[in-house]
Amino acid sequence: MKLFEYAKTITAPEKRLIVVFGCAGKRDHTKRAMLGKLSGDYCSMIVLTEEDNRDEKIVDICREIATGIDNNTPYVIIENRS
C-alpha cells in the first residue's frame, strides 16, 4: 500500500499509474485478491502476469488476483511476461 501511495504522490494528475505484477504459485491464496483490491484502488490499469507459478496455472493465479479488483479498474492477463 505504501508503494502505491508514494507512486500516486509522484504521478502527475493527468497521467496514468499502471502496475504489472503476478503472485507466486503455491503460496498464500488469501493475499491474491487483497493485492488485486489494492492495485485497483490506486492504479489506472493493471497488467497481471506470471511470477513463479510453481506448477499452478498462471491464468488461475491471475484470475484469483482479479477477484479483488472491484472498482472497474481495467486489467489484462498476459501469461508470458517476456
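Predicted model: local features only at pLDDT ≥ 70, side-chain atom pairs only at ≥ 80, totals over all residues.
Axes here are lines fitted to C-alpha atoms, for helices over the stretch in contact, and angles between them run from 0 to 180 degrees between N-to-C directions. With that in hand, helix H1 (residues 2–10) and helix H2 (residues 30–42) pack at an angle of about 15°, and their axes are 10 Å apart.

**H1 against H2**

- Angles under 35 degrees count as roughly parallel, and H1 and H2 are therefore roughly parallel to each other.
- The crossing in which H1 passes H2 is right-handed.
- On the H1 side the contact involves Phe4, Glu5 and Lys8, which meet Leu38, Ser39 and Tyr42 of H2.
- Sorted by class, the residues of this contact of H1 with H2 are three nonpolar, one polar and two charged.

**H2 against H3**

- H2 also packs with H3, at an angle of about 55° and with the axes 6 Å apart.
- H2 and H3 are therefore oblique to each other.
- From H2, Arg32, Ala33 and Gly36 take part, and they meet Ile61, Glu64 and Ile65 in H3.
- The contact of H2 with H3 has three nonpolar residues, one polar and two charged.

**Ser39, a residue of H2**

- Ser39 lies in helix H2 and is buried, with a relative accessible area of 0%.
- Leaving aside neighbours within four places in sequence, Ser39 is in contact with Phe4, Val19, Phe21 and Ile46.
- Phe4 in that list belongs to H1, and Ser39 is one of the H2 residues in the contact of the two helices.

**The loop between E2 and H3**

- Arg54 is found in the loop between strand E2 (45–49) and helix H3 (58–66), and Glu56 lies in the loop between E2 and H3 as well.
- Arg54 is partly exposed, with a relative accessible area of 28%, whereas Glu56 is buried at 16%.
- The side chain of Arg54 reaches the backbone oxygen of Gly25 at 3.3 Å.
- Arg54 and Lys31 are 23 residues apart in sequence, and their C-alpha atoms are 17 Å apart in space.
- With residues up to four places away in sequence left out, Glu56 touches Gly25, Lys26, Arg27, His29, Arg32, Ile61 and Glu64.
- Among these partners of Glu56, Arg32 of H2 and both Ile61 and Glu64 of H3 also belong to the contact of H2 with H3.

**Positive phi outside glycine**

- Lys26 has a phi near 55°, a positive value in a residue other than glycine.
- Lys26 lies in the loop between strand E1 (18–21) and H2, and is exposed, with a relative accessible area of 52%.
- Asn72 sits in the loop between H3 and strand E3 (75–78), and is exposed, with a relative accessible area of 77%.

Terms used:
Residues numbered from 1 in each chain as written. Heavy atoms only, no water. Helix = DSSP H or I, 4+ residues; strand = E, 2+ residues; numbered from the N terminus. Parallel < 35°, antiparallel > 145°, perpendicular 65-115°, else oblique. Left-handed = near helix turned anticlockwise from the far one by under 90°. Contact = heavy atoms within 4.5 Å. Nonpolar A, V, L, I, M, F, W, Y, C, P; charged D, E, K, R; others polar. Buried < 20%, exposed > 50% of the residue type's maximum accessible area, 1.4 Å probe, protein only. Polar contact = N/O pair within 3.5 Å; in protein donor to acceptor, adjacent residues only side chain to side chain.
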